[in-house]
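Colleague: Please walk me through the terms used for this model. I want each label set against its cut-off.

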Amino acid sequence: MKTTKLLLLCWIITACSSDAVEDVSMVTDTAETDTTLATALLDTEFVIDNVIACAASNENPSVVSVFLYPREGATNIRYFETETADEDKNDYDNYKELELPLLDVFNGYLLKYEVMPSQEKWVIVSFDEDGTTHLSNPIRLKQITKATEYLPQNVTVDNGSNMPTFTWQDGTFDDSVIYFHVVSDVEDELLSGTYTFDRMFQYYKLDNVVLNITEETPPVLTSQTPYNFLLLAVSEDNWVNLFSDVAFSIE
């Protein structure tokens, strides 16, 4: 039960769009501070495992995108990382804050940080909500040993109705435990954002959905209109193994 709860709160959120693929020149310089996560939490009420976040290496694996879902009312979003992946991920003294800009994904429905870490490490993101600081689960960056695979061919779309079915296969890595999928329009507006343990999702049926971040009832899809389907296959430590981005339309 605890494992299931962790998976539902670690989401890959992840979430992302095709603009996760950035040229190195577009990554903004970062500024490390002397503030540790432990210091930031002093005299502060906080909740662990309560920010949806994940990370993926871009097609240029030296660039890593760290994604998060900012719930309505979230403020003071912050980024913390360890020096290496060998440090204790649960010791908040090991995390130092980096000051870097947040970038919009799906027109701000999701947000992301872009970093160029020279080593693999652990990352935690946080935000304030209703007077409490909320933390993500530790995110394990694996851009060197397990770079994210970009395989649109792994997704199959059955588009014979206005409720298309999407199925997919894992890539090289077989330790994905949850799948995040987004249907969006040509304006990059998120229409639905859902998670399943299954390698299948039908728009917009929630029978096998274990988490739904869709804030409003999604529109009915119309024929001859271009849409996009995004899939992220996420491991238990919140690393995106597989990133698939597929355009489709209803017949």
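**Sheets, burial and cores**

Modeller: Start with the open sheet of 6 strands, ordered β12-β20-β19-β15-β16-β18, with mixed pairing. The model is predicted: local features need pLDDT of at least 70, side-chain atom pairs count only at pLDDT 80 or more, and totals for chains, interfaces and linings use all residues. Residues are numbered from 1 along each chain as its sequence is written, and side-chain values use heavy atoms, with hydrogens and water left out.

Colleague: What makes β12 and β18 stand at the edges?

Modeller: β12 (149-150) and β18 (209-212) each have a single partner strand, so one side of each is left without a neighbour in the sheet.

Colleague: What makes something a strand or a helix here?

Modeller: Both are DSSP runs, numbered from the N terminus: helices are H or I with at least four residues, strands are E with at least two. The chain has 2 helices and 20 strands.

Colleague: How do you know that β19 and β20 pair?

Modeller: Pairing requires that DSSP finds at least two bridges between two strands. Strands β19 (residues 227-235) and β20 (residues 240-248) have 8, in the antiparallel sense. Therefore they count as paired. Within that pair, L232 lies opposite F243 of β20.

Colleague: How many bridges do β15 and β16 have?

Modeller: They have 6, also antiparallel. F180 faces Y195 of β16. The two strands form a hairpin with 4 residues between them, and D188 in the turn has a positive phi of about 65 degrees. On to β18: β16 pairs with it over 3 bridges, antiparallel, and T194 stands opposite N212.

Colleague: Which strands form the open sheet of 3 strands?

Modeller: The order is β13-β14-β17, with antiparallel pairing. Its edge strands, β13 (155-158) and β17 (200-202), each pair on one side only. Strand β14 (residues 165-168) is joined to β17 by 3 bridges, and T165 has Q202 as its bridge partner.

Colleague: Why is A53 called buried?

Modeller: Buried means under 20% relative accessible area, exposed over 50%, partly exposed in between (1.4 Å probe, protein chains only). A53 has 2% relative accessibility, so it counts as buried. A53 sits in strand β3 (residues 53-57). Its C-alpha atom is 6.3 Å from that of S136, 83 residues apart along the chain.

Colleague: What makes β16 mostly covered?

Modeller: 7 of its 7 residues are buried. For the chain of 251 residues, 53% count as buried.

Colleague: What makes a set of residues a nonpolar core?

Modeller: The members are buried Ala, Val, Leu, Ile, Met, Phe, Trp, Tyr and Cys residues, joined through side-chain atoms within 4.5 Å. The largest one has 22 residues; F106, Y109, L110, F180, Y195, I213 and L232 touch the most other members. β3, β15 (176-185), β16 (190-196), β19 and β20 each give two or more residues to this core. Apart from it lies another core of 19 residues, including V209, L221, F229 and I250. In soluble globular proteins, nonpolar side chains tend to be buried together.

Colleague: How many of the contacts join residues at least 24 apart?

Modeller: Contact means heavy atoms within 4.5 Å. Among contacts between residues at least 6 apart in sequence, 68% join residues at least 24 apart.
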